Amino acid sequence: MRNALLINYAYCTGCHTCEVACQKEKGLGPEQFGIKLTQIGPDQIEERKWQYEFVPVPTDRCDRCVERTESGKQPSCVKHCQAGCMYAGPLNDLVPLMADGKYALFT
Amino acid sequence: MTGQKQSSDSGGKEVKAIKNATATAHVKCEVDENGRPITADDPSGRKWTWEEDGYTVFRGNARTAPGCHDNCGVLMYVKDGKLVKVEGDTENPYNQGRLCLRCLTVPDVIYHPDRILHPMKRAREDRGKDAWERITWEEAFDLCEAGLREIQRKYGPEALYVACGTGRDVILYENIFKALMGTPNSGMAFFPGQSCYLPRTFSTNLKGGALFISDYSQYFADRYDHPGWMPPEYVLVWGNNPVVANSDGSLGHWIVECMKRGSKLVTIDPKLTWCAAHSEYWLQVRPGTDTALALAIGHVIVDEGLYDHEFVENWTFGFEDYAASVAEWTPERAAAICEIDEDLIWSVARAIGKAECWTLQWGVALDHTSEGFYTGMAAYDLVGLTGMFDHPGGMVAGLAPFNCGIGWMPSFEDMAWIPQDPNMKPPITYENLVGLNMMGMADSTAILEGMERNDPYSIKAVWFFATNPITNEGARPDRILKVLQEVSEFNVVQDLWMTPTAMACCDVFLPVATYPERVGVAGHQPYLTGSITQAIEPLGEVKSDNEIVVEMGRRFHGEEVCPWKTDEEYYDFLLANCGSGWTYKQLRERTWAVPKVEYYRYKTGKLRADGQPGFNTVTGMYEFTPVALGSMGVPTTATFVEPVESPVSSPELFEQYPLILTTGARNWGFFHSEGRQIPHLRRIQPMPHCRLHPNDAKKYGIEDGDWIVIENTHGSCRQIAEVTPRIKEGVVSADHGWWFPERGADDGTYFGVMECNINKLLSTTPGTVGLGNSFKSQLCRVSKYEG
Ligand code: SF4
Ligand code: SF4
Ligand code: SF4
């Protein structure tokens with residue numbers, strides 16, 4: 001089974017670095033994505049509580065950076081993620097990482 | 001930048017303090033028994049270059065071009081002499097392997113077809129036309145020398161304006177270039193009130209005697225694991241969006257790491273930013289009212305006795321006067337001015353008053369108001385009240401590491417090698433701008449107006465360093481364009497691109513190198529010094545910014561003053577001259593060096609060159625009421641002054657222009673006016689946007705995506721409406737720095753620069769002391785653009 005990608009989107013700032021890191025790693029054009037940001041909100045949930053968050057979603061162009069991983073490197077998006085909120089690896093290794101936070105898991 | 005020497009007599013202390021305040025003290029470099037600087041990082045086993053998977057990898061620090069305030073550790077992958085990719089350096093403590101989208105696209109900058117790779121000239125009468133002619137460097141330098149000599153002969157060397165931008169390291173050598181050219185007139189190009197960091201750092205240096213910077217553990221090689229470091233209990237994100245802006249040498253995402261370790265945020269911003277949405281308290285203030293808020297927070301902390309009594313009693317000066325000055329600033333009063341709920345002020349004051357540690361992540365919004373000088377002071381006094389100086393998770397003094405000046409702005413002593421004319425005229429300024437005048441700085445509005453009036457002593461030539469003022473930071477670009485085209489007799493630009501400023505105004509274009517194409521010293525930060533490591537041969541004929549500086553110095557002062565034949569020799573000299581203990585190659589070998597930084601240096605005498613405990617101020621204390629300010633004849637405590645144009649100060653104007661205009665916020669991928677040519681960056685935001693609240697949009701018949709006209713008494717422009725509840729009702733937030741390089745050079749619009757240029761709506765009148773200008777609190781109205 002291919003590696004999974006885990007995003008702790010409580011910390012994703014929507015910085016677009018993962019998108020561009022992937023485009024550069026995979027030689028994709030500016031409108032082609034191996035991973036693409038989605039935005040939640042801005043939504044005023046309560047008087048003083050807003051949800052304004054981002055979740056990057058891998059596309060079918062994403063091969064989990066198989067070549068990099070085989071030579072012992074992290075996927076480019078994971079390595080460069082500005083918030084350090086992305087994790088890649090076998091599903092079973094990632095599941096225990098989900099403690100505090102808000103997680104999106106892509107298998 | 002002067003050293004930290006205190007004069008032994010008391011006279012002159014205030015003047016010294018003022019001079020000190022323009023910069024940060026050098027503190028003596030600690031060396032080991034072999035005379036090598038003592039560092040906190042261990043470089044053993046660290047390589048600066050190696051082979052990997054068919055690439056040659058070069059390790060370095062990213063700085064610059066392209067522009068950035070940071071210097072992340074990079075690995076540059078080179079194949080067949082070409083830079084194929086840039087990755088983050090996991091071992092570098094600064095960025096720990098991460099890299100933002102701008103460094104990831106550096107190869108696209110280097111190999112971009114629009115990049116200028118050869119020197120060029122253009123006849124003065126052809127300014128504005130695409131009539132450039134390729135020339136050799138010899139001819140380019142000859143032209144620059146002849147042009148400046150002619151100006152000197154006709155008007156004196158002071159008629160040259162060394163106009164700088166931000167974020168490229170050459171601007172940090174501004175003092176050297178202007179000294180070599182014999183002019184006192186320099187500064188950020190046509191940027192009234194020098195409204196970026198300087199208003200804050202000047203006023204607060206008078207208070208604390210150093211530049212204090214938020215402690216996100218970046219002072220330590222072992223970062224978040226450093227024994228004794230604490231994550232700030234609260235980070236007060238005040239007037240900036242740090243995760244996008246990365247301003248002032250702080251990587252915004254360090255804050256996210258602190259959040260993972262328990263830090264909570266307070267965000268003061270008229271816009272719901274990511275930080276605001278993730279804050280315990282978000283204070284959506286009316287732009288330009290920050291001083292009132294700071295005074296009210298101080299009021300509560302004093303009133304409820306939440307201040308650090310030990311610190312205030314033993315280490316501060318002027319507390320009674322400060323307490324008296326905030327007495328009338330009740331949260332009720334400030335809340336009405338700031339247009340926020342009063343209880344938020346109480347809550348924030350109590351939160352930071354009771355916190356074990358908190359830090360002030362302040363931003364340029366504090367400078368972007370006419371009285372920015374005082375706004376910074378008011379915010380800083382909260383740090384003083386709570387004793388957060390040199391405190392873990394507080395604000396740590398940024399001293400020049402290894403004697404290397406922060407920002408490499410050398411001390412006057414360090415510039416003794418440049419002959420100076422004792423009869424040099426003073427900088428162009430206005431008499432009432434006492435702060436600027438005491439710092440010996442020119443006023444950009446006085447420069448602009450002097451050129452418009454054709455004053456006998458006014459600017460006749462401009463040298464542009466890393467700046468594109470008619471696009472980016474110049475207030476009233478329409479007026480700037482006119483004087484540059486019609487009054488200035490000689491304009492030279494050092495840049496990578498044919499910018500609107502270069503296209504419209506310049507006579508000579510000098511193409512410069514990006515960081516992978518050159519050597520240099522990076523880490524203009526108090527927490528790291530390092531090398532800019534060359535990975536590839538410069539493209540075409542580009543030269544480093546500093547090679548140009550040295551050659552111009554040689555042309556005017558000869559080999560004796562500027563003997564260096566290579567950049568490496570020049571950096572060896574600069575590094576030795578300041579007593580750093582490094583040569584360039586030694587620095588490159590280890591790529592970065594982290595100084596040893598301790599907390600509470602005001603207690604141990606390590607903030608002052610005389611070794612005495614205390615702060616590097618006139619009284620040796622943290623000065624709530626700076627003695628030096630008193631000697632300047634201006635108020636020593638902050639008071640809130642309404643922006644010059646506001647619903648309160650100009651109600652009649654407000655009737656016609658019922659919205660508050662704020663500008664200058666950063667967008668992902670762009671560094672000010674940079675990045676518009678890079679497809680992977682431009683994709684994120686292809687066109688200029690102005691954010692307005694849904695209720696305002698409805699009121700003025702505007703829908704999301706409409707082109708709108710934004711106008712006021714100063715000027716007008718058009719941008720695309722982004723209708724969003726993120727922005728405060730009654731406020732519009734417009735993009736800056738836009739131009740359209742894809743349009744080509746010959747349609748006469750200078751890449752469309754004036755069409756969307758929000759700076760046409762700005763005022764050019766700096767505040768009381770000459771520092772700070774209203775970039776974030778103008779009035780305007782909006783309407784649908786009918787084309
Ligand atoms: S794992 Fe690799 S391929 Fe997949 S999104 Fe990240 S960078 Fe792209
Ligand atoms: S790089 Fe990280 S923080 Fe940035 S958008 Fe992607 S997941 Fe979010
Ligand atoms: S913050 Fe600056 S130095 Fe760091 S990766 Fe981004 S552009 Fe490069």
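Me: How many salt bridges does the rule find across the interface of chain A and chain B?

Reply: This is a predicted model, and in it a salt bridge is counted where a side-chain nitrogen of Lys or Arg lies within 4 Å of a carboxyl oxygen of Asp or Glu. The side chains of Arg68(A) and Glu87(B) meet in this way, with 2.5 Å from N to O. Across the interface of chain A and chain B, the number of salt bridges found by the rule is seven.

Me: How many residue pairs are in polar contact across the interface of chain A and chain B?

Reply: The setting is an interface in which 35 residues of chain A are in contact with 38 residues of chain B. Counting pairs in which both residues have pLDDT 80 or more, the number in polar contact across this interface is 21.

Me: Which three residues supply 21% of the area that chain A buries against chain B?

Reply: The two chains bury about 3,100 Å² between them, and 55% of that area is on carbon and sulfur atoms. On the side of chain A, 21% of the buried area comes from three residues that supply more than any other three, namely Trp50(A), Tyr52(A) and Gln82(A).

Me: How many charged residues are in the shell around ligand 1?

Reply: Ligand 1 is surrounded by residues of chain A, among them Cys22(A), Lys26(A), Asp63(A) and Arg64(A). By class, the shell around ligand 1 has six nonpolar residues and one polar residue, and the number of charged residues is three.

Me: Which residues come nearest to ligand 2?

Reply: The shell around ligand 2 divides into nine nonpolar and five polar residues, with no charged residue. Of the 14 residues around ligand 2, those that come nearest are Cys12(A), Cys15(A), His16(A), Cys18(A) and Cys81(A).

Me: Which ligand takes up the space that is the largest cavity?

Reply: The residues around the ligand in question include Cys68(B), Asp70(B), Cys100(B) and Arg102(B). By class, its shell has seven nonpolar, one polar and two charged residues. The largest cavity is the space taken by ligand 3.

Technical notes:
Residues numbered from 1 in each chain as written. Chains lettered and ligands numbered in written order. Predicted model: local features only at pLDDT ≥ 70, side-chain atom pairs only at ≥ 80, totals over all residues. Heavy atoms only, no water. Near = heavy atom within 4 Å. 1 Å grid on protein atoms, 1.4 Å probe; cavity = no way out; pocket = protein on both sides within 12 Å on 5 of 7 lines; lining within 4 Å. Sits in = over half its atoms within 2 Å of the grid points. Nonpolar A, V, L, I, M, F, W, Y, C, P; charged D, E, K, R; others polar. Contact = heavy atoms within 4.5 Å. Buried area = accessible area lost by both parts, 1.4 Å probe. Polar contact = N/O pair within 3.5 Å; in protein donor to acceptor, adjacent residues only side chain to side chain.
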